Amino acid sequence: MPAFHLLSEWTFHAPPATLWAKIADSPRYPRWWPGFERAEQVDDAGDVVRCRVRGDLGLRLEFVQRVVVREPPARLEFHADGDLIGRGTWTLAAHDGGTRVVMLWEVDLGRPWLRALSRLPPIKRWMARSHHRVMEQGRRSLTAQLGE
C-alpha cells in the first residue's frame, strides 16, 4: 500500500482541451513548472518520461513515468518508478464553463532511507507539504500561461 495519497484540485476558466495540451505533454513541464528540473522523453510516443523534481530544502526526486491510460481530454494515468513508486492520475472535466483538474498521486518512496524517514509522522507531513507546494507552483504558472 502506498505511503502517500496526495490529492490536488485546480479550477481554470479554459476548456478541457486547452488544459489537456499542457498536462498531457510532460516533457515540456520544465518550461512552465518551476518544480520540474528535468522531463526527458525516452520513447517516440512521449509515454515514457524521465523526470527530476525539486522540493523543499533542495530534495530532488527522480523517477520514470510510463503512461498506461491516455483518454484525451479527460484522463491520463501513469506509473512511476525510481525515487517515487506508484501511480499518478490526472482527471480533467468541464466545470462551470471551464475545467476542473484533479491530480492524485498514490506513491511510496523508492530510496530505502527516504522511505524509512517518511514513516515518521513529522517527516511524512513535511514531505506532503513539499509536494503540495510544488503542485501549487505548477497551478500558478499554468494560470499565468493561460492569462487567467
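## Cavity, core and salt bridges in a predicted model

Val-69 is found in strand β4. The structure described here is a predicted model. With a relative accessible area of 19%, Val-69 counts as buried, because the cut-off for that class is under 20%. Apart from neighbours within four places in sequence, its contacts are Arg-75, Leu-76 and Glu-77. Val-69 and Gly-110 stand 41 residues apart in sequence, and their C-alpha atoms are 23 Å apart in space.

### The cavity

A search of the whole structure finds one cavity of 30 Å³ or more. About 410 Å³ of space lies within this largest cavity. Its lining consists of 26 residues, and those nearest the centre are Val-53, Leu-61, Leu-84, Trp-105 and His-131.

Several elements of secondary structure take part in this lining. At least two residues each are supplied by β1 (4–12), β3 (48–54), β4 (60–71), β6 (84–95), β7 (98–109) and α4 (121–146). The largest share, six residues, comes from α4. By residue class, the lining of the largest cavity divides into 20 nonpolar residues, five polar and one charged.

### The nonpolar core and Trp-105

The largest nonpolar core has 38 residues. Within this core, the residues with the most contacts are Trp-10, Leu-19, Trp-33, Trp-90, Val-101 and Trp-105.

Which residues does Trp-105 contact beyond its neighbours within four places in sequence? They are Phe-4, His-5, Leu-6, Phe-63, Phe-78, Ala-80, Leu-84, Arg-87, Gly-88 and His-131.

### Salt bridges

The structure holds 17 salt bridges. Three of them are set out below, each with the distance between nitrogen and oxygen.

| Pair | N to O distance |
|---|---|
| Asp-25 and Arg-28 | 3.0 Å |
| Glu-40 and Arg-50 | 3.2 Å |
| Arg-87 and Glu-77 | 3.8 Å |

In the salt bridge between Asp-25 and Arg-28, both partners are partly exposed: Asp-25 has a relative accessible area of 26%, and Arg-28 has 41% relative accessibility.

The closest N and O atoms of Glu-40 and Arg-50 are 3.2 Å apart. Glu-40 lies in strand β2 (residues 36–41) and Arg-50 in strand β3, so this pair ties together parts that are ten residues apart in sequence. Both residues count as partly exposed, Glu-40 at 37% relative accessibility and Arg-50 at 32%.

The side chains of Arg-87 and Glu-77 also meet in a salt bridge. This pair links distant parts of the chain, with Arg-87 in strand β6 and Glu-77 in strand β5 (residues 75–82), ten residues apart.

Glu-77 is in contact with Val-69, and Arg-87 is in contact with Trp-105.

### Backbone features in the loops

A cis peptide bond joins Pro-72 and Pro-73, with omega at about -10°. Pro-73 is found in the loop between β4 and β5.

Positive phi values occur in residues other than glycine. For Leu-57, phi is near 55°. Leu-57 is found in the loop between β3 and β4, and because exposed means over 50% relative accessible area, its 81% places it in that class. For Asp-96, phi is near 50°. Asp-96 has its place in the loop between β6 and β7, and at 75% relative accessibility Asp-96 likewise counts as exposed.

Notes
Residues numbered from 1 in each chain as written. Predicted model: local features only at pLDDT ≥ 70, side-chain atom pairs only at ≥ 80, totals over all residues. Heavy atoms only, no water. 1 Å grid on protein atoms, 1.4 Å probe; cavity = no way out; pocket = protein on both sides within 12 Å on 5 of 7 lines; lining within 4 Å. Points joined across faces, edges and corners; volume = space filled by probe spheres on them. Helix = DSSP H or I, 4+ residues; strand = E, 2+ residues; numbered from the N terminus. Nonpolar A, V, L, I, M, F, W, Y, C, P; charged D, E, K, R; others polar. Buried < 20%, exposed > 50% of the residue type's maximum accessible area, 1.4 Å probe, protein only. Contact = heavy atoms within 4.5 Å. Salt bridge = Lys/Arg side-chain N within 4 Å of Asp/Glu carboxyl O. Core = buried A, V, L, I, M, F, W, Y, C linked by side-chain atoms within 4.5 Å.
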